[in-house]
Each structure stands twice: as C-alpha cells, then as structure tokens.
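Here's a quick look at how two chains meet, plus a couple of residues inside them. Have the model open while you read.

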Amino acid sequence: MQAQLAAKDIACRRGDRLLFSGLSLQCAAGDAVHIAGANGVGKSSLIRILAGLLRPYLGEVSHDGAMGLVDERLAMDENHTLRDALAFWERLDGCGDPGRALEVLQLDPLMDVPVRFLSTGQRKRAAMARLLNAAQPIWLLDEPLNGLDDQARKSVEALVALHCGGGGIAVVASHQPMALPRARMIALADYAK
Amino acid sequence: MSAALTLLRRDLGLLLPGGRGGGVLPLLFFIAVAMLFPFAVGPDAQLLARTGGGVIWVAALLAAILPLEKLVASDLEGGVFDQLHLRGVSEELAMAIRLIAHWLAFAPLLLLATLPAAALLGLSAETVRTVLLGLLAGTPGLAAVGLAVAALTASLRGGAALAGLMMIPLAVPILIFGAGALSRPDSSGLLLTAAISLGLCALAPFAAGAAIRAARED
C-alpha cells in the first residue's frame, strides 16, 4: 500500500480567531512538505489537524498509512531513564532495530540518564529516535530543529531526506530554514484571513 | 492485545508503590484516619465497635481521593495520549487499562490495611468480614469515579483539589450501600454496591476518554 496524506480545503479556528482557511494539501509517497510561517500562524495546529488530534473548523483530512508525530511534548515519563522510556514505545511499536536510531542520533551515552535531566535538544533527539524506531510511513514534525546543534540538525535533515527517498511522506512545520531535497514550501501566512 | 498488556505494565509501574506517585501514601492516610477516630470520640469500646465499620468506609473514600492528582494529568500534559492515539490506541482503551491499574495499585493494599485499622477500632470478626466484602465490591466503583473525575479535571488549573471535591458526591451511592450493608442481616447491601461498581466501571472509560479528547480542543 502506498502511503498518502490529503487535506482538502481546511480551515482552523482557535478561540474566536480564524488562523487560516482554504488550505489544501496532497502528498503521495516520497513527498516532503515544509510548512513555514512566523510564530502563531497555526503551524502546530495544522500538524495536529493532519494528525487527527484536532478537528478542522472546515474541510477534511484523509490518510493511508500509519502516522508518526514529533512535537514539543516528549510523551516519556520524566522519572524513567531514556532506555526504559524508549523501550516502552519500542514494545508498543514492535521495533526491529532500536540500535540504529541511537547511533544516528548519538543517544548512546544518554541511555541511563533520567528523562527529566535531558536538555531541549536531547529531548528532540529522543523523540526522533522513537519516530525512527516506529517505522511509520507518514512523518509529522513540529519544529524538529528546535534546540538542536549543527550536527544534530544535519542528522535530522538527512533522516527526513532518507525517509522520503524510501517512499515515506514528511510534513515539517518549522520557522527555521531546513535543507530538504525537493520539498514543497507552504507559507501558511498566504492562507491567513 | 499485546499493546494492552504493554500499557498495563507501564501503568502499574507508574501507580504501584515505588512508582512516581508515592503509592503507599493513601494507605498511611487511611490508617491514620482510622487511628484518629478513637482519639476523637474517646475509648468507648462499644461505640467504636458500632461505628467503626462506617469510619473505615469514610477513610477508604478519602484515601481514594489522594492518587487522583497523578492519575491522568501528567500523561495528558506530556502528550502520551496523543502518541497512543496515533498508534491506534483509543482514549477509551487507554482509560480502561488505567482503571484496572489504578484499582490494582490501590484496592488490594487497602483491603490489607483494613485489618490493622479494624483492630484499632476493635471491630468484631463478623463486622470485619462485611467491611472487607463491601470494600471488595465498592472499590472498583471508587476507582472508576476517581478516574473519570481525574480525566475531567486534568487540564484545569487546580484540578487536583477540584477532583477531590467532585469525587465525594459521586461516591455517595457506593458509601450508602457499602456502609449500609453493615446494618443489614442479608447481603442485599453488598450486592447493590457491586451492581453500582459494575455500572460505574462500564461507564468510566468512556467518560474519561471523552474528557481527554475534549481537552485537546482547548
């Protein structure tokens, strides 16, 4: 089955503010989309709408294939070590090769550190490791470069490129420029009312 | 099925004594309340024996409020339910599993602690038996009410205090029939307590799941 993700004419309202409207998106296998825009234009809301966590005010979202999400919330128990926290999600996702993600993201030295002591960038890398382990064809990334140093940033960009090269879909919301080959750019401000 | 077991293991690890929430605190609280009562009403053995069963029920209800704060809020805030949703684990299933874990983490130890509490109050063997059976029938209901209330208040500031306040009136039917069984010769009180518990356990995962979904919209 080919992964696909489609949004048709969606609008997003938060409180009494209409953030954007009339946005359509069509992603087939191998596509990368970069959603750009200033703070508060609705990038995170759009990602959550695509993930099915938030109902769009108007429009429809449909997808084929499992979706993986990386956002500002790590969803790991703060008192557990990174090893235990990742192991829980690996058991749930049925991961085949957890070692690869740790190597690429250089998490090995951090495995025995409790999650609450991880820095912003280390937390982002931990979330990316879970995403890699889960082998979901559709990636939804909300500000994946926040807090990352240059090297980690290059790793994440390479991982996204590799994922799309292998027939995956990546939708990335980021206010920072990001090196994604053949990525379509959507400036969310164009859809603001 | 294996996903459900994985989740249950995690929830038990979080809720059992030694987990993140200090699981023995409700028990110590329970015994402390049972201990306070004789100090307050005086050493009248007859009075204590007559009212002690009710005291244990009130202590159990109050102890059931203590774990509510950590039951749902931290996972909601941490985005755990979002990640589970993306993996096809519905909020209802996650809540049903948490209900089981919550009950396992709190009720068996509470039943055990009832024995020293009963000794402190000088209850007869017959009364202890009725109290234990009543708690066995009633604690699933208390856990269910607690879970639903914890989920409803998880996204609110000061939700923990509100959860305690909301739980008390909802738990009154369990208290009435459970403690009421002490003054009845037959087992009708126990059966009604079990029936209420069953109903609450069936409803709670849906109420709690809906509460988590609603919390995403704000």
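Predicted model: local features only at pLDDT ≥ 70, side-chain atom pairs only at ≥ 80, totals over all residues.

Residues are numbered from 1 along each chain as its sequence is written, chains are lettered from A and ligands numbered from 1 in the order written, and side-chain values use heavy atoms, with hydrogens and water left out.

**The interface**

Interface size is often quoted as the accessible area lost when the parts come together. Here about 2,000 Å² is buried between chain A and chain B, with carbon and sulfur atoms giving 54% of that; buried area is the accessible area (1.4 Å probe) lost by two parts on being put together, summed over both.

There are 8 residue pairs in polar contact between chain A and chain B, both residues at pLDDT 80 or more. A polar contact is a pair of N or O atoms within 3.5 Å; within protein, one must be able to donate a hydrogen and the other to accept it, and residues adjacent in sequence count only if both atoms are side-chain atoms. The two chains also share 3 salt bridges, each a side-chain nitrogen of Lys or Arg within 4 Å of a carboxyl oxygen of Asp or Glu. One of them joins Arg48(A) to Asp82(B), with the closest N and O atoms 3.0 Å apart.

**The domain record**

UniProt lists "domain: ABC transporter" for residues 5–192 of chain A, in an unreviewed entry; its positions are given in the numbering used here, feature names are shortened, and annotations may be inferred rather than shown by experiment. That stretch is 31% helix and 28% strand, and its end C-alpha atoms are 22 Å apart. Helices (H or I, at least four residues) and strands (E, at least two) are DSSP runs, numbered from the N terminus.

**Two buried residues**

Buried means under 20% relative accessible area, exposed over 50%, and partly exposed in between (1.4 Å probe, protein chains only).

| Residue | Helix | Relative accessible area |
|---|---|---|
| Ser45(A) | α1 (residues 43–50) of chain A | 12% |
| Ala107(B) | α6 (residues 91–121) of chain B | 0% |

Leaving aside residues up to four places away in sequence, Ser45(A) touches Cys12(A), Arg14(A), Leu19(A) and Leu54(A).

Note on methods. Contact = heavy atoms within 4.5 Å.
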